[in-house]
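Trainee: Please take me through one part of this model up close. Keep it brisk, and give me the cut-offs as you go.

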Amino acid sequence: MPQPSTPTEIRQVEQVLPGRPTHDGAGVKLLRVYSYSPELNLDPFLMLDEFATDEASDYIGGFPDHPHRGFETVTYMLDGRMLHQDHMGNRGDLGPGDVQWMTAGRGVIHSEMPQQTEGRMHGFQLWINLPSDEKMCPPAYRDIPSPTMPVVDLQDGSGTVKVIAGTYSNGLDPISGPLQGMTTEPVMLDVHMGAHGQFLEPITVGHTAFVYVYEGEALVGDERISARHLAVLGAGAQVQVNSLESETRFLVLAAAPIGEPVVQYGPFVMNTRAEIEQAVQDYQSGKF
Ligand code: FE
């Protein structure tokens, strides 16, 4: 039996996942940091990709028309521009610092295409599962321009926290990001920290949590994590990350596990095989 956490218990690293180079869409080079498997289930998270390159040939093909059903996608741009267009006429132009939170629900067919032919492209795409009773909800978008997301100083003054989803407590005075009210209660923070800084933040006990270091190096709990590695966190009440000699940047992600069966077939994530077959059939027969 796991012991109940005390309110101050620091979550320690249970597993370290290195980003693996791969490509997706029309030849876009990216790092697949995490993807769901029955052996590695960071419920409700299904996938985390990072794309980071200065070479146009690595991203220029983009992600032409493709479907999604049964989950949410979060795109967070750091550098570059990406245009999203779907089959219902929705358009969203994402620039540096912007976020798009898409609830695919019962079905979206969309493209995500770079709006530049040179220069740096850097960002993330995260997939978050939906509970069974929300998988067939109407699709919804939240386009969140960078200036509408709070950027809060760390308590020790060593850096800043961009609050994308959920809350950053900042000691006593909780600051909420623009994304609220989702069943899985996701927390998504982007932390930029100078050398010898500390991030210390309560995260709901029992929620799945991880830290993805994308620049520099950090001590997550007691373990040293280098850039482009994801640290899966174990039980506890607080997430603690210390920077070392250099500047470091990392994402903190947490959410409530759904605890339902996951059946994934590419861009369709449902609870049963029959629902996947239905998704493929609906897509092929133009019912999205
Ligand atoms: Fe997509």
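Mentor: A polar contact is a pair of N or O atoms within 3.5 Å; within protein, one must be able to donate a hydrogen and the other to accept it, and residues adjacent in sequence count only if both atoms are side-chain atoms. The side chains of Thr-53 and Asp-58 make one, at 2.6 Å.

This is a predicted model: local features need pLDDT of at least 70 and side-chain atom pairs pLDDT 80 or more, while totals for chains, interfaces and linings use all residues. Numbering runs from 1 along each chain as its sequence is written, and side-chain values use heavy atoms, without hydrogens or water.

Stay with Thr-53. The residue belongs to strand β4 (residues 45-53); strands are DSSP E runs of at least two residues, numbered from the N terminus. Thr-53 has a relative accessible area of 10%, so Thr-53 is buried (under 20%, 1.4 Å probe, protein chains only). Beyond its neighbours within four places in sequence, Thr-53 is in contact (heavy atoms within 4.5 Å) with Asp-58, Tyr-59, Gly-119, Arg-120 and Met-121.

Now set Thr-73 beside it. Thr-73 sits in strand β6 (residues 71-79). Its relative accessible area is 0%, so Thr-73 is buried. With neighbours within four places set aside, the contacts of Thr-73 are His-68, Gln-100, Trp-101, Met-102, Gln-125, Leu-126 and Trp-127.

Two of those names return in the largest pocket. Its lining has 23 residues; Asp-24, Arg-32, Phe-63, Gln-125 and Trp-127 lie nearest the centre. A pocket is an open set of points on a 1 Å grid over the protein atoms alone, where a 1.4 Å probe fits, with protein on both sides within 12 Å along at least five of seven lines; lining residues have an atom within 4 Å of a point. Strand β4, the strand of Thr-53, supplies at least two lining residues, as do β3 (28-35), β5 (63-68) and β11 (121-129). The largest share comes from β5, with five residues.

Last, a sheet. Seven strands form an open, antiparallel sheet, ordered β1-β22-β19-β24-β17-β14-β13. β1 (13-18) and β13 (151-153) are at the edges with a single partner strand each, so one side of each has no neighbour in the sheet. Inside that order, β19 (residues 208-215) and β24 (residues 248-255) pair antiparallel over seven bridges (DSSP must find at least two). There, Tyr-212 stands opposite Leu-251 in β24.

Definitions and conventions
Helix = DSSP H or I, 4+ residues; strand = E, 2+ residues; numbered from the N terminus. Buried < 20%, exposed > 50% of the residue type's maximum accessible area, 1.4 Å probe, protein only.
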